[in-house]
Amino acid sequence: MRQHVDLLITHAQQLCTIPPHAGGPQRGHALGDLGLIEDGALAIQDGLVRAVGPTDSIIAAYSGEDVIDASGRLVTPGLVDPHTHLVWAGDRAEEFERRIKGVTYQQIMAEGGGINRTVQATRQASLDELVTSGLQRLDLALQHGTTTVEIKTGYGLSTAEEIKMLSAIALLDAEHPIRIIPTFLGAHAVPPEFAGRSDAYVDLIIKEMLPAAAAWKAEHWPGVMFCDVFCEEGAFTLEQTRRILEAALQAGLKLKIHVDEFVALGGTRLGVELGVTSLDHLDVTPDEEIALLGASQTVAVALPTTPFGLGSSHYPPVHKLLDAGAILALATDCNPGPAWTENLQFVLALATRYHRLTQAQALVACTLNAAWALALGNQVGSLEPGRAADVIIWRTGDYRELGYHFGINLVEQVIIAGRPVYTTPD
Ligand SMILES: [Zn+2]
């Protein structure tokens, strides 16, 4: 007697389960284990993967209420984007045009542009406006295969405006099928009204903004939520970063840090010491701190869209991270400055070329390991039984086409929690 399940996906030319290693992420040079099954099938029940294996054995044991024939197709877990700034108002097209003509990002910042320009526009926007534009960006992410996305605040930079951003993120989660993880990033930049008084702004974060964010979480967000800090020259010092993160930990938030993007301030050492979930950017991390990170449980998140977006040739030393045994993940860094893309397939294209990751390594860094960067490694990012049935059916039968065939959308169908939520029109 065959068991009846909600959905069967059968006859995938290649099915990549992306298996956990020892129940966790794929670490160091073990990165790239796809768990590839030829002529593979999935049985899905109650939004979870019930069973996975060769089609013959799955259809011998299960019948499906619905059946999707994935002949000639690649099937993988949904992509996980663990670092975005996807909620904002306004745009910076004019700044981009000036940068093309040779004005540097630092000059634009000094004139009050850059992040603070987006802060100004976001403060002026209504909650509705933030939700409307956020939904459009989430649609693009979904259409390109993203099924889980982290979204940071950090364009409000006052208690009321940061809470407005958290409210927008919660509304997006309620209205859109993508799984969302919120991050409080009150320490994204020192707002103009605190220019030259960054310690006073850090006091405000610790005494007022973080408690407000924690109270918001208690009332509105039962799931995982993070606190992040931009630890960088011109943003927040190492000591300020430590003060904010220690307070966030007390408030019940998990931790992340933007570290070593332009100048290494010791943020990686601090992050490992505090046991943060992820350290992101890592463009200029010193070797001794790479070694500390490689020996830790903290996920290293590389953001190749940022150097690409700045037209820089300096990409993070991803192979040094792998040599050190680090857990590597990739993300879009989707933001209105140097890295406006919702598309993780484009990140795969950059990572294969500029990080020299194989297609298999890049795919695991955008699924299982990215899920660990959000403390969700036991729930998404892999098609092992018991995990969420977040699945992509691709318009190719070969995983090696990911990153190789770029600038177009290879997604055919997106399934979240066992429910088809998007099909690319023919
Ligand atoms: Zn960022």
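**View 1. Trp88 and its aromatic partner Trp340 in the predicted model.** Trp88 counts as buried because its relative accessibility is 1%; buried means under 20% relative accessible area, exposed means over 50%, and partly exposed lies in between, with a 1.4 Å probe and protein chains only. Trp340 counts as partly exposed, since its relative accessibility is 49%. This is a predicted model, in which local features need pLDDT of at least 70, side-chain atom pairs count only at pLDDT 80 or more, and totals for chains, interfaces and linings use all residues. Residues are numbered from 1 along each chain as its sequence is written, and side-chain values use heavy atoms, with hydrogens and water left out.

By the ring rule, the model holds six aromatic pairs; rings of Phe, Tyr and Trp (its six-membered ring) pair if their centres lie within 6.5 Å, and planes under 30 degrees apart count as stacked, over 60 as edge-to-face and the rest as tilted. Trp88 and Trp340 form an edge-to-face pair, with 5.4 Å centre to centre and 80° between the planes. This pair links distant parts of the chain, 252 residues apart: Trp88 is in the loop between strand 6 and helix 2, and Trp340 is in the loop between strand 13 and helix 13. Helices (H or I, at least four residues) and strands (E, at least two) are DSSP runs, numbered from the N terminus.

**View 2. The aromatic pair Phe308 and Phe346.** These two rings are edge-to-face, at 5.2 Å centre to centre and with 75° between the planes. Phe308 belongs to helix 11 (residues 305–309) and Phe346 to helix 13, so the pair ties together parts that are 38 residues apart in sequence. Phe308 is partly exposed because its relative accessible area is 40%. Phe346 also counts as partly exposed, at 24% relative accessibility.

**View 3. The zinc ion and its four donor atoms.** His83 (NE2), His85 (NE2), His258 (NE2) and Asp333 (OD) coordinate the zinc ion at 2.0 to 2.7 Å. Donors are N, O and S atoms within 2.8 Å of the metal (3.2 Å for Na, K and Ca); water is not among the atoms, so sites may look incomplete. Along the chain, the donors follow the spacing H-x1-H-x172-H-x74-D. His83, in the loop between strand 6 and helix 2 (93–100), and Asp333, in the loop between strand 13 and helix 13 (344–354), are 250 residues apart. Both His83 and Asp333 are buried. The arrangement is irregular because the four donor atoms subtend angles of 78 to 164°. Four donors count as tetrahedral if all angles lie between 85 and 135 degrees; four count as square planar and six as octahedral if opposite donors are over 155 degrees apart and all others between 65 and 115; anything else is irregular.

View 4. Strand 9 (residues 226–230) is joined to strand 10 (residues 254–259) by five bridges, and Val229 stands opposite Ile257 in strand 10.

**View 5. Strand 12 and its neighbour, strand 11.** Three bridges pair strand 11 (residues 278–281) with strand 12 in the parallel sense. Ser278 has Val299 of strand 12 as its bridge partner. In a regular strand the side chains alternate between the two faces of the sheet. Strand 12 (residues 299–302) is covered on both faces: Val299 and Val301 on one side, and Ala300 and Ala302 on the other, are all buried.

Definitions and conventions. Pairing = 2+ DSSP bridges.
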